[in-house]
Amino acid sequence: MRGTVYKSTGSWYTVKSIDGDFYECRIKGKFRIQGIKSTNPIAVGDIVFFELEKKGDETVGIINAIEDRKNYIIRKSVNLSKQTHIIAVNLDQVFLMITLNNPTTFTSFIDRFLVTAKAYDIPAILLFNKIDSYNDEEKIEIDYLTQLYKNIGYKCFQISAKNGENVDLVKELMKGKVSMFSGHSGVGKSTLVNVLEPNLKLKTAEISEQHLQGQHTTTFAEMYDLSFKAQIIDTPGIRGFGIVDMEKEEIGDYFPEFFELKSECKFNNCMHLDEPKCAVKDALERDKIAWSRYKSYVQMVSDDDESYRVDIYKE
């Protein structure tokens with residue numbers, strides 16, 4: 001039988017067959033030794049083949065093969081830095097939800113997420129949420145960030161999941177596609193999904209007053225079929241986002257504004273650090289490239305592990 005993984009809890013997988021039936025499945029042990037270094041050899045969105053087995057009064061699915069993935073979002077495991085974690089696979093697009101505060105989303109986190117999405121050829125859309133809660137000064141900062149990423153070429157929307165502002169725009173972008181919502185805990189992912197599809201009634205939680213951090217309400221990644229012919233993968237809140245499987249020399253290519261200037265650098269293999277006649281550094285000095293973006297780039301190419309840990313514990 002062939003189906004799509006809708007939920008992964010680490011040891012059990014909820015699979016929807018092509019006939020529309022759901023089965024609880026496990027994987028054969030050999031999957032764990034097939035060179036897959038991630039903490040989860042199978043992820044939500046995977047197309048799998050499985051057989052049904054009777055165990056007592058229960059029917060259990062045994063997954064024995066995975067179809068080739070068209071893409072995936074991957075990050076370093078927070079507690080197992082030498083291992084990776086595949087968040088979701090076979091995506092048409094990803095939405096990164098961002099809040100200026102309550103909790104804070106740092107540009108270093110945004111840039112790491114965008115680099116990973118670009119590397120795996122997944123269109124990324126930025127949603128600046130909770131715009132109903134910002135004062136005038138904070139709105140200026142949100143407008144600046146929105147324009148910064150729009151100028152680079154990313155689709156950006158200022159929304160309020162709480163009062164529904166611009167949620168219809170998000171809904172239109174989702175129709176006919178498999179989308180993933182991601183971001184820190186507390187940015188409003190589950191609230192937004194509930195506005196898009198009220199019948200789902202995903203759990204939401206208040207922000208911790210003491211640390212201004214979100215509390216994890218989504219425990220495992222899970223896919224949902226929506227009434228307006230769309231599918232969404234809701235994910236647990238991410239604290240840190242370490243990039244993986246990238247050579248330092250290629251990271252700059254995943255910054256669109258850097259890649260656009262690459263041919264103008266004196267050296268073909270310019271790393272945009274200390275080299276002379278670097279078009280990227282020149283654009284930076286002329287404020288054609290944002291310093292926050294360049295800082296993120298330097299962190300990634302100089303000491304990925306250390307800057308990743310800064311990302312995690314800075315909140």
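The largest nonpolar core of this predicted model holds 39 residues, and Leu91, Val94, Leu126, Tyr149, Met180 and Ile233 have the most contacts inside it. Such a core is a set of buried Ala, Val, Leu, Ile, Met, Phe, Trp, Tyr and Cys residues joined through side-chain atoms within 4.5 Å; buried means under 20% relative accessible area, exposed over 50%, and partly exposed in between (1.4 Å probe, protein chains only). Among the elements giving two or more residues to this core are strand E8 (93-98), helix H2 (136-152) and strand E11 (178-182), with helices (H or I, at least four residues) and strands (E, at least two) taken as DSSP runs numbered from the N terminus. Apart from this core lies another, of 21 residues, including Phe157 and Met174.

Local features need pLDDT of at least 70, side-chain atom pairs count only at pLDDT 80 or more, and totals for chains, interfaces and linings use all residues. Residues are numbered from 1 along each chain as its sequence is written, and side-chain values use heavy atoms, leaving out hydrogens and water.

Turning to the aromatic rings, 10 pairs are found (Phe, Tyr and six-membered Trp rings with centres within 6.5 Å; planes under 30 degrees apart are stacked, over 60 edge-to-face, the rest tilted). Phe95 and Phe181 have ring centres 5.1 Å apart and planes at 75°, so this pair is edge-to-face. The two lie 86 residues apart, Phe95 in strand E8 and Phe181 in strand E11. Phe95 is buried at 0% relative accessible area, and Phe181 is likewise buried at 0%.
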